[in-house]
Amino acid sequence: MSRAYSIKDSITENRIFLSRIVTIFVFILLLTTTLVVRLIYLQVVGHEQYSSMAKKNRIKLAPVPPTRGIIYDRKGKVLAENVPTYTLELIPEQIPALDDTLQKLQSLLNIPDEKISQFHRQRKRQKRFNATPLLLHMSDAQVAKFAVVRHSFPGVDIHAGLLRQYPYSEITAHVVGYLGRINERELKSLPVAEYRGTHHIGKTGVEKSYENILHGTTGYAEIETNAQGRAIRTLDTTINPKPGSNLYLALDIELQQIAHDALDNYNGAVIAIDITTGGVLVFTSRPGFDPNLFVSGISTTEYKALQDSDDRPLFNRALRGLYPPGSTIKPFLGLAGLEYQTTKTHSKLFCPGYYRLPKLSHRYRDWKKQGHGSVRLKDAIIQSCDVYFYDLAYKLGIERIHNFLVQFGFSEKTGIDLSGEKSGLIPSKKWKKAAYNESWYHGETLITGIGQGFTQVSALQLARATATLANQGKVVYPTLVTRIETDNSSQPTASKKPQNITLKTENVTFIIDAMINVVHGARGTAKRIGKDIDYQIAGKTGTAQVFSVKQEEQYSEEEIAFKLRDHALFIAFAPAENPQIAIAVIVENGGHGGSVAAPIAAKVIKKYLSEQAP
Amino acid sequence: MITETRQEHFHTSSLVGKILRKLHIDIPLLAGLLIISALSFTVLYSASGQNTEILIKQGVRMAIAFGFMILLAHINPQQFQRHSVLLYGLGVVLLVGVLLMGDMGKGAQRWLNLGFFRFQPSEMIKVTTPMMIAWYLAEHPLPPKWKQILIAGVLIFVPTLLIAKQPDLGTSILVASSGAAVLFFAGISWRFLLTTLVALASMTPILWHFMREYQRTRVLTFINPEADPLGAGYHIIQSKIAIGSGGVNGKGWLGSTQSELDFLPESSTDFIFAVFAEEFGLSGCLGLLCLYLLIISRCLYIAVQAQDSYSRLLAGSLTFTFFVYIFVNIGMVVGILPVVGVPLPLISYGGTSMVTLLSSFGILMSIHTHRKFLPT
């Protein structure tokens, strides 16, 4: 680098620098003087005014929590609402002897020890001058008792507020979800300002996934307090809270009730979807639980009982339960056979009651020991012949099965507006290599053909796939929330981009015809629900093995324990010629799909269609 | 100046003086810094609600920061000059790194996680930018020509923009002013200076367009704090109440009610001056400002005594930045400047800015103690 070293005039440079230093020093003095002037203005001129503001008027800024949005079903029935409630709140800073006060309150109001320890936990997370709830949901008697002695408890007060309530309790527990106290982990990720004054947050279901819409915006009020800190009056400078938006679900609570009752004592899941909109009409998972327990703070014993129950009531079977689809997969596989031209509508196969791979001795059994005789695709679907589908699956090969089924939304999340969904699995060679580092066996293709083996689906996926099939391949997206209502103006939720599976109409019609015969045909596996109805249902039964029967063993329902009995499945849509509702029913340990699962679906369909305009 | 004779006195007599001279420590400056640090502990104890844990943390940070100062005082300023470009370049690269993969903290991306510790490159660039500009301008005859001013402008603008993008308005103001200060000390013409200021003022609407929502709110709040008395304006109102209620003599140490009752937000960090003003009153504030001015005077003296253009420009700029810190912070707390996140130097709780500040003082000491003809 050639430096331009002209002779520096160091004297000039020095002179300039010195003058600049002096300038800066003067500048600094000037600015400091402005600070001093300002300080004099505040501390001398304004002293009296400011000290009276500091001493007399202890103005506190109190958050005003917004009212949470209400959740309605499609007909405007309330699924989640806010009811007035009284809460006993303590401000630790203002209580001279906290332990003593707690003890007195405990004996006065009969508070369980657990609430006290819960209070201590919550107290540690808050500032000392913030109110911490001790007793939520006070009874009228408790309110009255405390009101009499209130004067002797400084720093303790009754706060009138709103508490979330779920009138349908366990029927909507798994879909609407519930609110619970904000925990430490949630506190870290929440916008602090927005949740000042809010004690609860959506923990599951719609309450969780629409938390930011339901919550609303926190307001603030300036409150003048006396020397003890008790509020005297609210000042004018108040920002009103903005209530959360109301949600309208596609859910029909009457249908939900019917599905819930129909499941009776069984554990299981029912999903029904409005085919044209994708709106989820029924979202049932049994057993349910009482979500109201969580809002007012569930006790450890109650929680442990729910957690330890063999029926796992806290488990959302409809969303997270994965089951082998069993024979309900057959209509889709049959369609794959026709689309790939692996089979023809008229080609026949003889079913001797078992299937053998070429050159191998292993017998893959049909559920009907004596066999179905000579069957065509249609018969195979109506009678649910396993041998036909072993053969079809073998000819299709696992890759084509995988690729075809994935189009119907299997093996991926349906994208429903709830969190925690499971994606299930349709196996492929690539998947097995990655999961087990093993190559694929032909035998595994066969059992995939009857919906067993690695295959796992959720009730939601089954219902969606059925709806998509009924919709001639136009993909259906299940959604719960259809409208968001803010300040009396309501807005529909955004719909997903439409997508189509390319299918030949005649193939779809053929499969649907076979499914109609499952319900209405003389040899159909679900013919008992086809009687006495003036519309047609297209359906398919399924039975999913919970454990496998060895080669030479006989299967006997009575002999095996209830918990090991097969799961019963049924998928259907109706009316067959103009599909409106699609449904999937999974009954855990229900035995046969036709006898247990299908009647549940029939009840829901009947009620739904009876209300539709003719 | 008065301080000079006092310094000689220290140099010649005591053993401590000899050791400090070996360590290249400037005694008057060190004395000023120690007094301020002691004040910091006093105010912090009160502002934090008598939290000793915070005092210990602050003590550790202060020890580290003084360690940095001693280390840098030991290095010959020629070394700084030689490595200015490298340090500046490194700083800019790290800033880009922060934007690409930095950690989020309080909604802004400022930290770079190096595995074993987290590092804030914008702190480093506060020192390396004036170093770079001083190096560049000292390579050419002073006062700088148009071309050099333009290039220097670009060199200042790059890190300023990168920091403003994080977004950290306070630090970007400090970086820009430290660079501009070098140009000023280098002797750019008054006419140029005024033109630039007018041009910048006319660009305000454009700047407004690029500001984030919260930054706009701050400016609007500054213009009219009553507009949002519960949100952004709340800080300022509470801080004014604290200062005003302190009066001439203050409420005495630990007597602050405003911070005690948690009316005053950020009372240990950015708004600590309000606690100080409430407890020690106007007299205390004047004392603190005088102490700051004494330190600044000593630093400007060091700048005048410096023997080459680079040292001179750098010393001048670092001193000015120190003042900008003070002015922006106190100005914000007393409500004559908008709220930008700048701590009160050497007093606010927090580690990163303290290390940078004491590093600057280390460089100033180095400049002063490595002169070739020390007065005997």
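This is a short tour of the structure, one selection at a time.

The model is predicted, so local features need pLDDT of at least 70 and side-chain atom pairs count only at pLDDT 80 or more, while totals for chains, interfaces and linings use all residues. Residues are numbered from 1 along each chain as its sequence is written, and chains are lettered from A, with ligands numbered from 1, in the order in which they are written.

**Start with chain A.** Here you will find 22 helices and 21 strands (DSSP runs numbered from the N terminus: H or I of at least four residues for helices, E of at least two for strands). Of its 614 residues, 41% count as buried, that is, with 20 or more other C-beta atoms, placed from the backbone, within 10 Å of their own.

**Next, select residues 77–101 and 146–164 of chain B.** These are helices α5(B) and α7(B), whose axes come within 10 Å and cross at roughly 25 degrees. Axes are lines fitted to C-alpha atoms over the stretch in contact, with angles from 0 to 180 degrees between N-to-C directions. That angle makes the pair roughly parallel (under 35 degrees). Among the residues making the contact are Leu95(B) of α5(B) and Leu162(B) of α7(B); contact means C-beta atoms, placed from the backbone, within 7 Å.

**Finally, show both chains.** Here 42 residues of chain B are in contact with 37 residues of chain A. Color α14(B), residues 272–305: this helix gives the most to the side of chain B that touches chain A, with 10 residues.

Definitions and conventions. Parallel < 35°, antiparallel > 145°, perpendicular 65-115°, else oblique. Contact = placed C-beta atoms within 7 Å. Buried ≥ 20, exposed ≤ 12 C-beta atoms within 10 Å, placed from the backbone.
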